[in-house]
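Open the structure in your viewer and keep the sequence panel beside it. Each stop below tells you what to select and what is there.

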Amino acid sequence: MTTYREATGVRARLNGPWHRAALTLFLVVVLAHWAEHVVQAVQIWGLGWPRPQARGVLGMPFPWLVTGEWLHYAYALVMLAGLWLLRPGFVGRALTWWTIALGIQFWHHIEHLLLLIQAQTGWRLGGGAVPTSVLQLFFPRVELHLFYNGVVFLPMIVAMYLHLRPSRRESERMSCSCLAAAPA
């Protein structure tokens, strides 16, 4: 069996010698996205702004970024790709939690694809005036996306925590750069 240390190719390197750096970069992207949602929530519930004016940090100087569906879909796709690309570096319990995050993000991605299709075609799910995802039929968009990002983030963080603190058996199966950096 070839280990990631011996394998070639970008995905092999991302899950071998570059795994810790790739996970760190991915986490920074995820946290930046979280910050946007938190700022938007503060704008709505803390500052009392109307929802259309609560656009997060980037949406204030660049409102076109948050009013279209392309940016939201692109981020959902980046999240899905990151979770899929970095998955082979995980083993054991960490792999289980990372896979849970991947599965939830797959659904979140489908919801954003549905929104993008509606924005591009003019068709509306449920006959509404604006693009609507499946769960948006039951929950407001801001709250729903805070929830989605939370339920993807939580298992992702659990996976990273377990990955950096593997059991002896799990550490024997790891071949990424995270093992050397794991606490004793």
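On this tour, two residues are in contact when they have heavy atoms within 4.5 Å of each other. This is a predicted model, in which local features need pLDDT of at least 70 and side-chain atom pairs count only at pLDDT 80 or more, while totals for chains, interfaces and linings use all residues. Residues are numbered from 1 along each chain as its sequence is written, and side-chain values use heavy atoms, with hydrogens and water left out.

**Whole chain**

The C-alpha atoms fill a box of roughly 55 × 35 × 30 Å along the principal axes.

Next, colour by pLDDT, the predictor's confidence in each residue, from 0 to 100. The chain averages 91, and 93% of the residues score at least 70. Confidence is lowest in helix H8 (residues 178-181), with a mean of 72, and highest in H5, at 97.

**Helix H4**

Select residues 70-86, which form helix H4. H4 has 17 residues and reaches 24 Å from its first C-alpha to its last, close to the 24 Å expected at 1.5 Å a residue; the expected span is 1.5 Å times one less than the number of residues.

Which residues of H4 are buried? Buried means under 20% relative accessible area, exposed means over 50%, and partly exposed is in between (1.4 Å probe, protein chains only). Among the buried residues of H4 are Tyr-73, Ala-76 and Leu-80. The buried residues of H4 pack against helix H1 (10-14), helix H2 (19-46), H5 and helix H6 (141-164).

Now select His-109 in helix H5. His-109 counts as buried because its relative accessibility is 8%. Leaving aside neighbours within four places in sequence, His-109 is in contact with Tyr-73, Ala-76, Leu-77 and Leu-80.

Move to Val-91, in the loop between helix H4 and helix H5 (92-121). Is Val-91 buried or exposed? Val-91 is buried, with a relative accessible area of 12%. Apart from neighbours within four places in sequence, Val-91 is in contact with Glu-170, Arg-173 and Met-174. Show Ser-171 too: Val-91 and Ser-171 are 80 residues apart in sequence, but their C-alpha atoms are 8.4 Å apart in space.

**Salt bridges**

Side chains of opposite charge can pair when their charged atoms come close. A salt bridge here is a side-chain nitrogen of Lys or Arg within 4 Å of a carboxyl oxygen of Asp or Glu. A search of the whole structure finds 4 salt bridges.

Select Arg-93 and Glu-170, whose side chains meet in one of them, at 3.0 Å from N to O. The pair links distant parts of the chain, with Arg-93 in helix H5 and Glu-170 in helix H7 (residues 168-173), 77 residues apart. Arg-93 is partly exposed at 39% relative accessible area, whereas Glu-170 is buried at 7%.

Then select Arg-51 and Glu-143, which form a salt bridge with their closest N and O atoms 2.7 Å apart. Arg-51 lies in the loop between H2 and helix H3 (63-67) and Glu-143 in helix H6, so the pair ties together parts that are 92 residues apart in sequence.

Finish with Arg-168 and Glu-172, whose side chains meet in a salt bridge of 3.9 Å, N to O. The two are 4 residues apart in helix H7, and are therefore separated by about one helical turn.
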